[in-house]
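Hi everyone, thanks for making time this morning. I'd like to walk you through a structure, so let me put the sequence and the model up on the screen.

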Amino acid sequence: MIKDDLYEAVNGEWIKQAKIPDDKPATGGFNDLVDAIDKQMMDDFDAYADGKEKSDDARFNEMIKLYRVAKKFELRKKIGPKALQRVLSSVTDLQSYDDYQNQWRNWIMAGLPSPVSFDIDADMKNATVYALFASSPALILPDKSYYAPDKKQEHDQLLKLWTDMMTTLMDKLKYDKDEAAAIIEHAKQFDALLAPHVKSAEEAADYSKMYNPQTVAELAASTDQLDLAAVIKRLVGTEPEKVIVTEPDYFKALDEILKDHFDLFKDWAIVNVIRDYASYLDDEMREINGRFGRALSGSKKPISQRKFAYYLARDVFSQVAGDYYGKKYFGPKAKADVHHMVEQMVKVYKGRLAKNDWLSKATREKAILKLDKLGIQVGYPDKIPALYDQLKVDDGESLIANLNQLTITRNREMFKRWNKPVDRMRWEMSAATVNAYYHPFKNIIVFPAAILQAPFYSLKQSSSQNYGGIGAVIAHEISHAFDNNGALFDEYGNLNNWWTAEDSAHFKQLAQKMIDEFDGLPFAGQKVNGKLTVSENIADGGGLSCALEAAKGEADFNAKEFFINWATIWRMKATKQYDQLLLSIDVHAPQKLRANVQAQNQADFYTAFDIQPGDKMYRAPADRVNIW
């Protein structure tokens with residue numbers, strides 16, 4: 001019964017019958033759409049790869065060429081690990097940090113291991129210009145929280161799984177057993193040096209602490225072991241006025257991490273190269289290299305060879321694949337229709353802000369101005385970045401050699417963007433992706449074509465169903481402009497406090513209520529982290545409330561249909577391992593709780609289903625959290 005559990009009442013029968021594919025950790029609303037799109041696109045890719053279809057788009061043809069190269073599993077098995085050994089030799093030849101320094105820039109360009117991760121994105125205080133960002137490398141385990149003393153048992157179990165996988169990989173690569181064991185042990189020791197100083201997912205979710213600009217000299221003073229100033233100059237061609245450091249604690253510890261630990265660093269690099277490239281050898285290596293990830297998520301089998309090749313080509317040529325999908329399966333008419341729907345939701349949101357009773361006039365006006373300047377991207381991009389004209393595939397070369405060259409080309413183009421004007425409307429997500437996002441540095445919302453279908457959106461659904469689906473998703477993304485992170489950025493995407501002190505304090509109190517509402521809720525044998533998920537929960541609440549108001553403006557409004565479709569879009573059946581992994585690293589609350597808790601916050605939900613005190617879904621009005 002809905003009075004007991006909205007999510008279970010709507011999705012219970014589906015959950016009983018749904019089967020999680022062996023190559024995935026979950027199935028559900030989003031996943032079902034992904035599966036259908038994958039099949040559609042793989043069939044199309046095969047038609048072009050086999051010469052049954054022809055394209056006049058040179059970029060599309062390069063993508064299909066990469067797909068063909070990626071499908072040559074038998075050839076890679078015959079050739080063996082030569083391509084990987086060529087890459088590994090540049091690591092095994094290192095004798096000192098000086099040797100590494102000489103190659104460092106080239107390694108970064110090729111995506112090889114680095115103790116510092118560099119990126120280019122909009123400057124958080126001057127969002128019209130691209131800036132250089134610096135952060136830490138990734139850990140072996142999914143998050144820093146796995147290294148905490150209270151997770152020692154889980155840490156040890158996962159690290160053993162990882163060690164077993166690496167041992168098998170290195171055995172297949174003909175490493176001496178004792179040598180392999182020593183290299184793996186060193187890699188784990190270096191990882192243990194990194195772990196205390198990097199940010200956890202919860203810490204990284206707080207954008208206000210991302211912006212820590214330093215001069216190159218200040219950043220370079222982080223370590224005497226490597227010359228950061230020299231590599232930065234080689235990456236961007238000059239010495240920037242500043243580098244935006246997202247993890248200052250990591251750089252304070254960098255010298256201590258590197259000093260007297262070259263052997264550990266070198267073996268950490270060897271292990272990372274093997275992990276990065278092993279899947280591009282034969283199919284046996286791909287299966288072995290995926291064991292740790294599958295153990296984490298609970299997936300039973302690796303994806304098929306065909307899907308592996310498709311994902312690889314699609315991801316490298318993401319905007320090309322998205323353009324093809326959007327134009328063929330979505331089209332300009334649907335693009336215009338949904339764009340209009342987004343504009344309508346923005347109008348509703350503006351009206352709600354104008355009537356807001358807890359914001360001051362000054363803050364309210366700035367919030368409305370932010371909506372006036374909001375960039376909207378729907379369906380597929382109007383133009384594909386020039387980068388994709390530069391991506392070339394040589395079908396006479398190995399897959400690894402091709403991927404190396406493609407990575408170098410992509411990174412070269414990325415670093416050339418430094419200090420240039422930001423292309424605010426440049427798409428960062430393929431139109432063939434079942435997702436949506438808000439980018440606070442650019443103040444834009446993006447709705448790829450792939451998500452704009454049933455149960456989210458369909459002309460065959462009622463307006464209430466559509467508002468409970470895509471309407472709530474659209475308003476969710478708009479809400480991100482005013483969540484605990486988005487609210488820190490102005491209409492141009494600059495990190496700029498536009499709130500009065502009183503409004504800011506009140507908002508923090510409301511955000512804390514949202515944290516408290518979710519924090520500690522039991523799920524999958526563990527508990528929800530309210531701080532980790534607060535921004536998404538604020539966006540869910542604002543999105544549902546705003547979409548509900550828009551739906552009520554329609555002549556055929558039906559509250560039951562609205563809330564039932566809201567619960568439908570969140571349906572998911574996942575392995576316990578995957579549920580627990582997401583609880584540790586995902587900024588979203590579990591799907592079931594997203595559906596139920598936010599519905600409990602809406603007065604119309606109680607009216608629609610006659611929910612009374614004593615019913616399990618009842619929540620007293622004083623305990624309901626509504627921010628936007």
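Let's begin at proline 142, which sits in the loop between strand E3 (126-135) and helix H7 (152-172). When I say helix or strand, I mean DSSP runs, H or I of at least four residues for helices and E of at least two for strands, numbered from the N terminus. Do keep in mind that this is a predicted model, where local features need pLDDT of at least 70, side-chain atom pairs count only at pLDDT 80 or more, and totals for chains, interfaces and linings use all residues. Residues are numbered from 1 along each chain as its sequence is written, and side-chain values use heavy atoms, with hydrogens and water left out.

Buried here means under 20% relative accessible area, exposed means over 50%, and partly exposed is in between, with a 1.4 Å probe and protein chains only. Leaving out residues up to four places away in sequence, proline 142 touches Leu296, Leu581 and Ile585, where contact means heavy atoms within 4.5 Å. Alanine 181 is 39 residues from proline 142 in sequence, and their C-alpha atoms are 22 Å apart in space.

Now to the sheets. E3 belongs to an open sheet of 4 strands with the order E2-E3-E5-E4 and mixed pairing. Two strands pair if DSSP finds at least two bridges between them. Strand E2 (117-123) and strand E4 (213-214) stand at the edges with a single partner strand each, so one side of each has no neighbour in the sheet. Inside this sheet, E3 and strand E5 (residues 243-245) run parallel and are joined by 2 bridges; alanine 134 stands opposite valine 245 in E5. Helix H21 (residues 399-416) lies across E2 and E3, at about 45° to E2. For such angles, axes are lines fitted to C-alpha atoms, for helices over the stretch in contact, and the angles run from 0 to 180 degrees between N-to-C directions.

There is also an open sheet of 3 strands, in the order E6-E8-E7, again with mixed pairing. Which strands stand at its edges? They are strand E6 (375-379) and strand E7 (437-439), each with a single partner strand, so one side of each is left without a neighbour in the sheet. From one strand to the next, the twist averages 15°. E6 runs parallel to strand E8 (residues 444-448), with 5 bridges joining them, and glutamine 377 has valine 446 in E8 as its bridge partner.

On to the core. The largest nonpolar core has 224 residues, and Phe118, Phe415, Phe605 and Trp628 touch the most other members. Such a core is a set of buried Ala, Val, Leu, Ile, Met, Phe, Trp, Tyr and Cys residues joined through side-chain atoms within 4.5 Å. Helix H13 (residues 262-277) gives the largest share of this core, 10 residues. Among the contacts of phenylalanine 118 are Leu132, Phe133, Ala134 and Phe415.

Last, the charged pairs. How many salt bridges does the structure hold? It holds 42, a salt bridge being a side-chain nitrogen of Lys or Arg within 4 Å of a carboxyl oxygen of Asp or Glu. In one of them, the side chains of arginine 306 and aspartate 46 meet at 2.7 Å, N to O. This pair links distant parts of the chain, with arginine 306 in helix H16 (residues 305-316) and aspartate 46 in helix H2 (residues 29-49), 260 residues apart. Arginine 306 is partly exposed, with a relative accessible area of 29%, whereas aspartate 46 is buried at 14%.

Lysine 366 and glutamate 491 form another salt bridge, at 3.4 Å, N to O. Lysine 366 lies in helix H19 (residues 361-372) and glutamate 491 in the loop between H22 and helix H23 (501-518), so the pair ties together parts 125 residues apart in sequence.
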